[in-house]
Protein chains: 2
Amino acid sequence: MGLRERKKAQTHAALSWAAIRLTVERGFDQVKVEDIAEAAGVSPRTFNNYFSSKAEAIAFRHLDRCLRVAEELRGRPGEPLWDAITGSVLRQFAPDAEAIAHPPPVDAAQWTEGVRVMVAEPALRGEMLRAGATAEAEIAAAVAERTGGDPERDLYPHLVASAVMGAVNTAISHHLRIDAAVPVRRLLTDALDRIAAGLATP
Amino acid sequence: MGLRERKKAQTHAALSWAAIRLTVERGFDQVKVEDIAEAAGVSPRTFNNYFSSKAEAIAFRHLDRCLRVAEELRGRPGEPLWDAITGSVLRQFAPDAEAIAHPPPVDAAQWTEGVRVMVAEPALRGEMLRAGATAEAEIAAAVAERTGGDPERDLYPHLVASAVMGAVNTAISHHLRIDAAVPVRRLLTDALDRIAAGLATP
DNA sequence: CCGCAAATCTGCGCGGCGCGCAATTTTTAA
DNA sequence: TTAAAAATTGCGCGCCGCGCAGATTTGCGG
């Protein structure tokens, strides 16, 4: 990757993190695009060269994470399908090195509450789901490679991908709904196990 | 339901149908809010009393349909869970009396193509998914009633609801991707059956 | 090290959107 | 019939997304 692309990636990340941080701190519509651009050290106009809306900037990190699941999945060709899926998901949603570098310039509890408010924002929810759907296509492709199906014609890979993203979304929502001490890791494994078991009544 | 609420429902429907029709005909950003309002015989300002964006107006019909699935589900307490789910979904996504009343002032193929373009619109995709998520909460509640769980604390109802909406979305996407003669009904039953079977490799 | 071409950033400006506010019209209930 | 409640409407503001064209930076061959 050349210097050029690396700088682009940096700017993407900087803008996204700035958008998240400011939104968590102040709330979605107390943040202007101008503020995000300034925080990332770039002109307002440039913001829209990278993202077509505030919401997209905020959802970018989610998109990235989910895309990495597909990537990771391709890197585990041997394992049984659902083992590979669970492993990939857990890997990407583990406490993150990047997240530790960037994150809360404030109290942890306060941060979590800010995130809760943020993801409740209607405009954001749509954008997050859209990011999930984008990743879903990649996951479907990865699954198709593995099981030897055609993503254009077969329903199966898309169903699996959809179920996986559904499990992820559900686990995260549950985690934010209940601020209990249940670790996300357990919620994710539970969810995926249940799905692989046909969602039989517990 | 009083006269008042009925008129509101009418206006909702009128605005939504107008938004859909115009968007299918001209494309998303060739339609101004003003146009939709005019087509529904209402002032532009009133549009925003009903919907907070063009996208929301267009997605309204989808939201309505999906909410009816939850409603129908509550009306089938006896059946085994997945039979009830499949039944409810098929009922709501069958060729629709309302859709036949309102719909294409143009060629059917042309209409389908317009719909394809419409749902490809990024802003719309997010809004449709959000509508699905809203309905998902209702479905989860309905499932919880049936299985005797607590939607606040249990993961299971949400997982089922998520899987159902995932199946619906996947089936619809597949239907639009392949313009084959495969009826949506079959795609929906296939998808739901596979999920209830634990998504085993076919 | 130089200079050129391509990619990127930036300032400007426009049209549309979402919504608060207050006045007006319509509906409901007494 | 009349008063209260609710819905519709017009007006106006601030922000947003983006096209355009000029300035700036980056990558590369000489």
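Predicted model: local features only at pLDDT ≥ 70, side-chain atom pairs only at ≥ 80, totals over all residues.
Chain A has a helix α4 at residues 54-74, and A:H62 lies in it. Is A:H62 buried or exposed? Its relative accessible area is 11%, and because buried means under 20%, A:H62 counts as buried. Which residues does A:H62 touch, leaving aside its neighbours within four places in sequence? The contacts are with A:M128, A:A131, A:G132, A:N169 and A:I172.

Another residue to look at in chain A is A:A39, which lies in helix α2, residues 33-39. With a relative accessibility of 44%, A:A39 is partly exposed, because that class falls between 20% and 50%. When neighbours within four places in sequence are left aside, A:A39 is in contact with A:A18, A:R21 and A:L22. In the case of A:A18, the C-alpha atoms of the two residues are separated by 6.1 Å, although A:A39 and A:A18 are 21 residues apart along the chain.

Two annotations come from the UniProt record. An unreviewed entry gives "domain: HTH tetR-type" for residues 9-69 of chain A. In the model, that stretch is 79% helix and 0% strand, and its end C-alpha atoms lie 19 Å apart. UniProt also lists residues 32-51 of chain A as "DNA-binding region", again in an unreviewed entry. Here the chain is 70% helix and 0% strand, with 14 Å between the end C-alpha atoms.

The last topic is how the two chains are arranged. Two copies of a chain are related by a rotation about an axis and a shift along it. For chain A and chain B, the superposition takes a rotation of 180° with 0.0 Å of shift along the axis, and the RMSD is 0.1 Å. That is the relation of a two-fold axis. In chain A, the C-alpha nearest the axis belongs to A:G198, at 1.8 Å from it. How do the copies meet? Of the interface residues of chain A, 100% are also interface residues in chain B, so the copies meet through the same surface.

Definitions and conventions. Residues numbered from 1 in each chain as written. Chains lettered and ligands numbered in written order. Heavy atoms only, no water. Helix = DSSP H or I, 4+ residues; strand = E, 2+ residues; numbered from the N terminus. Buried < 20%, exposed > 50% of the residue type's maximum accessible area, 1.4 Å probe, protein only. Contact = heavy atoms within 4.5 Å. UniProt positions renumbered as here; feature names shortened; annotations may be inferred. Least-squares fit on C-alpha atoms with pLDDT ≥ 70 in both.
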